[in-house]
Amino acid sequence: MGRSSLLAARLAAESSGLSLHDILHARRGRHASASARALAMYLAHVGLGEPMGRVALDFRRHRSTVAHACRRIEEHREDHGCDGWITTLEQRLRRATEAGHGE
């Protein structure tokens, strides 16, 4: 798994109260796991600029699944007013990558 995707998965797990295993599991799992995984894929792609194809490989998903996850998170940002929360997660993730954490 690439460093960016792993950092995004760790942050999504931490922020959702799930284990990293839940986020990275090959099966869809519970709704909470799938939602947190979508967030992790979004953070890796949008927050850190990783190509969708790379994110798909890292999370063992199809590229279309990553695209769908990104759309879901974008819609969630608009519909549920959690834009500030996701922006904060993006900033934390960028700071972590700039500081060299997770290597």
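This is a predicted model: local features need pLDDT of at least 70, side-chain atom pairs count only at pLDDT 80 or more; totals for chains, interfaces and linings use all residues.
Start with helix 6, residues 83-99. It has 17 residues and reaches 24 Å from its first C-alpha to its last. That is close to the 24 Å expected at 1.5 Å a residue. Ile86, Leu89, Glu90, Leu93 and Ala96 are buried in this helix. They cover an arc of only 125° around the axis, so they lie on the same side of helix 6. An α-helix has 3.6 residues a turn, so residues three or four places apart point the same way. What covers the buried residues of helix 6 includes helix 1 (3-16), helix 3 and helix 5 (63-79). Now turn to the face away from the buried side. Arg95, Glu98 and Ala99 are exposed there. Just after helix 6 comes glycine 100, with a positive phi of about 85°.

Next, find leucine 48. It sits in the loop between helix 3 (31-47) and helix 4 (52-58). Leucine 48 counts as partly exposed because its relative accessibility is 22%. Leucine 93 is 45 residues from leucine 48 in sequence, yet their C-alpha atoms are 7.8 Å apart in space. Beyond its neighbours within four places in sequence, leucine 48 contacts Ser4, Leu43, Leu93, Arg94 and Thr97.

Last, the cysteines. The structure holds zero disulfides. Cysteine 70 counts as buried, because its relative accessibility is 7%. Cysteine 82 counts as buried at 12%.

Key: Residues are numbered from 1 along each chain as its sequence is written. Side-chain values use heavy atoms; hydrogens and water are left out. Helices (H or I, at least four residues) and strands (E, at least two) are DSSP runs, numbered from the N terminus. Buried means under 20% relative accessible area, exposed over 50%, partly exposed in between (1.4 Å probe, protein chains only). Contact means heavy atoms within 4.5 Å. A disulfide is a pair of cysteine sulfur atoms within 2.5 Å. The expected span of a helix is 1.5 Å times one less than its number of residues. The arc is that of the directions from the helix axis to the C-beta atoms.
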